Amino acid sequence: MVFLQKFSIMISEKDFITSNYSRIETATFQWSAPSNIALVKYWGKKAKQIPANPSISFTLNNCKTITKLLVSKKENNKHFSFDLLFKGKPKEDFKPKIQKFLERIEIYCPFLKEYHLTIDTENTFPHSSGIASSASGMAALAMTIMSLEKELNPFISDDFFYQKASFLARLGSGSACRSIKGEVVIWGNHLETKNSSDLFGMEFSDIHPNFKNYQDTILLVDKGEKQVSSTVGHELMHNHPYAEKRFNQAHENLSKIKTILSNGNITEFIKIVESEALTLHAMMMTSMPYFILMKPNTLEIINKIWKFRSETEIPVCFTLDAGANVHVLYPENGKEKVLEFIKNELVGNCQNGQYICDQIGTGAKSI
Ligand code: PMV
């Protein structure tokens, strides 16, 4: 029996449990999903990938993962059975993460155990570039799983399809839930955002033309493995001396940046975005144990951006994720001059002179 999902405002985890579905012999689904860069940062989480504070991000366009899922019906449905390929070749070291993810989502997607899964994945950005592929990777995988679910139950609504994809992606890697749909995505309960949820990301669409096609040039400062993973970093927000203040600040900054994104005030945008980036790293420096993910070149770049901005009045700013790389954010009409500045002055601070040009995108796409 197939059925229509009904949605109330308060969606709970139970709403994502699928019990009615048909069966197929074999099928293939392919999706691309982008990375995203947070403007108000998620740092600190509770059990089951529930964020300690709400966050908001720009969806990227060029940095993405492309994932193909091939399913074929199997006899025994007691265990998960899957092959994990990276660019068509077996990739054993990715398997434990996927196994854990499948176990986490089993209750919501019980049909998965009825198939052997072949997951073939690749990224458009260089491997080990210091750009986390977990957000785009988990989002792309979640989309293929939802395509399978839709094949088994064609009557699910579009809203349910994307919300559950975001919900599943979150269980793989928290920020992945912001890589599903929309140019700007909010994730996490926020009093001033109607329908916001800790369970999945929601599109924020009231965006001023000043932020259309906003550019993000990612300067690859350090392509090595991080000394401290995000998972450990999130953990260290438990019993962190500034945690409560920080979480409250994120709520306030989210309220402010929503207004700014709607009214187009780039000067105010810069203040929030840069302060959020430095606050994220301040949390790392003040946790116990403490750690620093920025490198000398990260700071050099930040100082050069500040100098360039004050000299040219071009509204270029930076943000950081949990690493040393710098995301340079600027409006499309500043592109020519900023790229010239990057080539002339910042490339020397990048590892092997590498950087990636990206801009706001709209989310995952079926291929
Ligand atoms: O999704 P995770 O667990 O990799 O955490 C991401 C955390 C930051 O990138 C630092 C901030 C964010 O909101 O994306």
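In which strand is the place of Thr-217? In this predicted model, Thr-217 belongs to strand β10, which spans residues 215-219. The residue is buried, its relative accessible area being 0%. Beyond the neighbours within four places in sequence, Thr-217 is in contact with Val-326, His-327, Val-328, Tyr-330, Leu-339, Ile-342, Tyr-355, Ile-356, Cys-357 and Asp-358. With one of these residues, Tyr-330, there is also a polar contact between side chains, at 2.6 Å. Thr-217 counts as buried because a relative accessible area of 0% falls under the 20% limit for that class.

For Ser-175, a polar atom of the side chain is found 2.7 Å from a ligand oxygen. His-234 likewise places a polar side-chain atom 3.0 Å from an oxygen atom of the ligand. The ligand on its own has 380 Å² of accessible area, and the protein covers 89% of it.

Charged side chains were then considered across the whole structure, where twelve salt bridges are found. One of them pairs Glu-13 with Lys-48, the closest N and O atoms lying 3.7 Å apart. This pair connects distant parts of the chain, 35 residues apart: Glu-13 is in the segment before β1 (26-40), whereas Lys-48 is in the loop between β2 (45-46) and β3 (50-51). Glu-13 is partly exposed, with a relative accessible area of 24%, while Lys-48 is exposed at 56% relative accessibility.

A further salt bridge joins Glu-114 to Arg-23, with 2.7 Å between the closest N and O atoms. Here, too, distant parts of the chain are linked, the two residues being 91 residues apart. Glu-114 occupies the loop between α1 (95-105) and β7 (115-123), and Arg-23 is in the segment before β1. The two partners fall into separate accessibility classes: Glu-114 is buried at 6% relative accessibility, and Arg-23 is partly exposed at 49%.

The side chains of Glu-149 and Lys-164 also meet in a salt bridge, with an N to O distance of 2.7 Å. Glu-149 lies in helix α2 (residues 134-152) and Lys-164 in helix α3 (residues 158-172), so this pair ties together parts of the chain that are 15 residues apart in sequence. Glu-149 is buried, with a relative accessible area of 1%. Lys-164 is likewise buried, at 0% relative accessibility. Salt bridges that share partners also form a network, which comprises Arg-23, Lys-73 and Glu-114.

How values were computed:
Residues numbered from 1 in each chain as written. Predicted model: local features only at pLDDT ≥ 70, side-chain atom pairs only at ≥ 80, totals over all residues. Heavy atoms only, no water. Polar contact = N/O pair within 3.5 Å; in protein donor to acceptor, adjacent residues only side chain to side chain. Areas by Shrake-Rupley, 256 points an atom, 1.4 Å probe, with all protein chains shown as cover. Helix = DSSP H or I, 4+ residues; strand = E, 2+ residues; numbered from the N terminus. Buried < 20%, exposed > 50% of the residue type's maximum accessible area, 1.4 Å probe, protein only. Contact = heavy atoms within 4.5 Å. Salt bridge = Lys/Arg side-chain N within 4 Å of Asp/Glu carboxyl O.
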